[in-house]
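Hello,

I am passing the structure on to you. It is shown below, and my notes follow it.

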Amino acid sequence: MTTPIPSPPALPFLGHITQLDRDIPQRSFDLLADQYGEIYKLNLITRQSIIVASYELLNELSNDKRFQKTVVGALEQVRNGMGDALFSAYPGEENWGIAHRLLMPAFSTAKVRDMFPDMVDIASQMLTKWERFGPRHVIDPCEDFTRLAFDTITLCAMGYRLNTFYSEQSHPFVQAMADFLTESANRANRPPIMNTIMRGSSAKYEADMKIMNELVDQLIEEHKKNPSEKQDLLSIMLEGVDHKTGKRMSDESIRQNLLTFLIAGHETTSGLLAFTLYYLCKNPEALRKLREEVDDVLGEEPIQLEHIGKLKYTSACLREALRLSPPATMRVVRSIEDTTIGDGKYAIPKDSVIGIITAKCQTDPKVWGEDAREYKPERLYGGNFEKLPPNAWQPFGYGMRACIVSAEAIHSRLPGRCSSVSPQGRPFAWQEAHIALASAIQKFDIVMHDPSYTLELKQSMTIKPKGFYIHAIPRKRSTIPTAPSRSSTLNGAIKTSDAGKQNGNAKIEPKQELYILYGSNTGTSQTFAQRIASDAPSHGFKAILGTLDSFVGRVPIDGPVVIVTASFEGEPADNAAHFVEWLQNLTGDEIAGAKYAVFGCGNRDWVRTYQKVPRLVDDLLHERGGRRLQERGAGDAQAAEFFQVFDEWEAQLWKTLASEYDIEVVEEKTSHINGLSLKNVDSGISRASVLRQPDTDLGRVVENRLLTSPNAPAKRHIEFQLPEHMTYRAGDYLAILPHNPARDIHRVISRFALSPEQQIVLSAEGPTSLPVDKPISIFSLLASYVEISQPATSRDLRVLLSTNSSEATRSSLEDLASSYADKVMAKRLSVLDILEDHPDLNLPFSTFLEMLPPMRVRQYSISSSPLHDPQRPSLTVSVVETPALSGKAHPFLGVASTFLAGLRPGDMVQLAVRASSAMFHPPEDVGVPMIMFAAGSGLSPMRGFLQERAVQKKAGRDVAKSTLFFGCRAPEEDYLYSDSDLKEWQELGIVDVRPAFSRCPEKSLGCKYVQDRVWHDRELVKQAYDQQNARLFTCGSGKMAQGIKKVLTELIKESRGCSDDEAARLFERAIQGRYATDIFE
């Protein structure tokens, strides 16, 4: 007996068409597969489709005797421009057979080898452009790879040079083609009557086809006037005779197939290269291995034909990108007869249209493991590729209808393996991709323009990365690599301005360069690096500020290098990963001549990984020939003296550098720290109105509601509408750029006797995180750019002591300085608090601004699943409003949580989705249970995990029951979602909730905290882990996480009867690949 194929709820007449994302329909197909599993059915107005998303079903559908390629949907609309050409012909059409037999030889191995010089020629044009524009130039790799592939197919196959790298704008054909393909997809998803009445769209559609055909006609005419000496593709089209029918290709067929090659010959290859570069940028180890192979095979010489076969790891990198992100996202087949699939589980009637989601099938955990979504070229390297199950890797099609020129021909000579393409599959794109990738890696260090970028898609008939930009930094160069900066506001400008001279304070320009490199995810290390850069001019140095990754391949030797970096669960920050990977794999004295100093940020709660990356960087720089200028600084973010430790380390740094470079130490001035100056532009009497255009980083607040009773600290549920291009996974973060509380802004304005509407212009002598050289209101400046409430540092106290004040004030400041940890840091006493306590301190406003750290983004775990709504994530936020430790009458307000709490539906917020660690997502296999430990707002990601499982359960999938251990104060106060989501999900059978109430433990079996409840229910935990292969997740404070670790270790100790040390070792071994944490302060 067969099982019914599940289908989402549908609308009358419209079916499921409204459930597809208008811009990126593939995203909707993927989310529906996550929800319904390996198969589901859709009604798409003009057609009924079955969609499959597992390797098992893909393998069964890869049988030409039971299923054949069919032309439906968007591809059927493409026939409006390409007729019965190779790409769009119906099965059995005569013209397809003639063209196929004539043109396949044009892409034989020998023919493609002959194209090698022309391919290298075009690749060299692209690399020359990158080199000419320099390392600071922002490169759009999708655009440049499109030019590359477009120029390559026209030159190699048609003997025509388009020379798009010599023009600023892309060829009109490219945009017309993209619009044509997009409209073809749109037309396929509209009722036919709509296509008739949408005259504007139809006119544009016709115009795009005209532009494309104009180029085709131009190519044909040029070829006829100047016949090529080579027997290229166009020559065969014009002169060839089909040996089977004795017929030539008709003029119309030549035009249609030429158009097909112009589209298919470059669209997928450019996507392949862009995706490969993205994955390499996100995976430093893979990029390092690729660089080593390229250096070993190519050396200093230009790529040669014989090199291609030796680039084994390069091949693996390309294959792995094709596995994760095949540009052609789906192939469609039609059943030849009534049949079943899934070992008889699903009935498939004759002529059923079946769409195969290639990426889902190629990331099936049953074949690729739980890390199937991770980029690991090793799994497709050498013999591993040949050992794959049949059809497991099939990114560009199957059988005789697979594309001639695309990279799916790779290793097609392996019968029954991978992409079972016909034996005549051609390596045109494979050779082209190898040349481009290897040559680029040989010449440049590639870094992302925005290190925090995570993959977004754009889709026409194929997909490509959206918003992905890079910098190409020449390797083995004599000049110093510059640090490309995404934003002068965030990263600091790589320049020194003449602000001091503009104000009549002419001084000698600092000449000795000082390189300040940082690795930072949360902003702390970046803040410290910015402070050093801001101080540099007053100490006689010209600051160059950048991320560690922007200096991959070389540590400068023409000036001291100061590194500020952190560890994140023992791993480097996102913008330091490539540098650390490069450094770890040096073997000689490559750093000889460099002088450096390292300051590390960390959290001592994590003993095993505390200062791991800073220590590693410091040690490796020394081992590889660098000279350490002073001992590594180590700051513990949990300690009261965190900022003081940095201040003392920085003070010693300037003394060391002054001695090393024979620079006279200049005493700090009260009026300026690094020469920041200020001038009034508007007195603030009249209000200026500025309208802002929302950009792609603006999200809209949809809902903001209180979850707790008045007796408990406030926790809120906030939902956002994301920009259209943005989506997320359960477990990801939403990064929020907040504003300071209005109360604190007005405190500053009052203290300095300013007007909130007053307009000023800032200028600076060195890199700064403040907005310079443009008017800004005092209120906007204080709201958006600085952290007002951060504790004062010991350096801040020294600046205040140098300011004119009374003896009593000076005595008070000296007392604070002498007992800094207890009286300042422990009480979170800010600079503003001190100024309010001492009104006689005559501190200039510009100096106050420079004493404040720049505004940081705050990351919050998302508390929803994209299966519920991919554009509407939610946050579960604790609102921080507590009595001030300083003893002030006003309470301490958390900056970001106060900002979020005050948002109303309709408000726009600057936000971004940030990926969590690879392990902090629900298991791909819904049959694997989860054991989750959370307290308070730490429930946030767990709610997202459970919401995902609930949606999957309602879709008919067999979901394992998970267990949630949750800690809060009392059931009637802050038992979050207990009467809504958690209640529903328990009744649905997807979760068993085990609470611990700290204020009334008698209501939770005597268990006060989460770890108490875990110990009470330890047999359940043990059984789920040992017998059900459960995955464990913790989210909460460091203190709670340590408690969970302790109780789990005790559980092992009790079960094994071993010592504490042995239990600790067994715990570390047991959690590998099974336990993920998300800890916040």
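**Helix α24 and what follows**

Asp662, which comes after α24, has a positive phi, near 55°. Please keep in mind that this is a predicted model.

The helix itself, α24, covers residues 642-660, which is 19 residues. From the first C-alpha to the last, α24 reaches 27 Å, close to the 27 Å expected at 1.5 Å a residue. Its buried residues include the aromatic side chains of Phe642, Phe643, Phe646, Trp649 and Trp654. Gln644, Asp647, Glu650 and Thr656 are also among the buried residues of α24, as are Leu653, Leu657 and Ala658.

**Arg323**

Arg323 is located in helix α14, which runs over residues 312-324. Is Arg323 buried or exposed? Its relative accessible area is 0%, so Arg323 counts as buried, the cut-off being under 20%. The side chain of Arg323 reaches the backbone oxygen of Gln362 at 2.9 Å. Apart from neighbours within four places in sequence, the residues in contact with Arg323 are Ala359, Gln362, Thr363, Trp368, Ala372, Glu374, Arg379, Leu380 and Trp393.

**Phe13**

Phe13 lies in the segment before α1, a helix of residues 25-36. With a relative accessible area of 82%, Phe13 is over the 50% cut-off and therefore exposed. Together with Leu11 and Leu14, Phe13 forms a nonpolar patch on the surface. The accessible area of Leu11, Phe13 and Leu14 together is about 350 Å².

Regards

Methods
Residues are numbered from 1 along each chain as its sequence is written. This is a predicted model: local features need pLDDT of at least 70, side-chain atom pairs count only at pLDDT 80 or more; totals for chains, interfaces and linings use all residues. Side-chain values use heavy atoms; hydrogens and water are left out. Helices (H or I, at least four residues) and strands (E, at least two) are DSSP runs, numbered from the N terminus. Buried means under 20% relative accessible area, exposed over 50%, partly exposed in between (1.4 Å probe, protein chains only). A polar contact is a pair of N or O atoms within 3.5 Å; within protein, one must be able to donate a hydrogen and the other to accept it, and residues adjacent in sequence count only if both atoms are side-chain atoms. Contact means heavy atoms within 4.5 Å. Patches are made of residues with over 30% relative accessible area and no salt bridge: like charges are joined within 9 Å, nonpolar side chains (Val, Leu, Ile, Met, Phe, Trp, Tyr) within 5 Å. Accessible areas come from the Shrake-Rupley method with a 1.4 Å probe; for residues, only the protein chains shown count as cover. A salt bridge is a side-chain nitrogen of Lys or Arg within 4 Å of a carboxyl oxygen of Asp or Glu. The expected span of a helix is 1.5 Å times one less than its number of residues.
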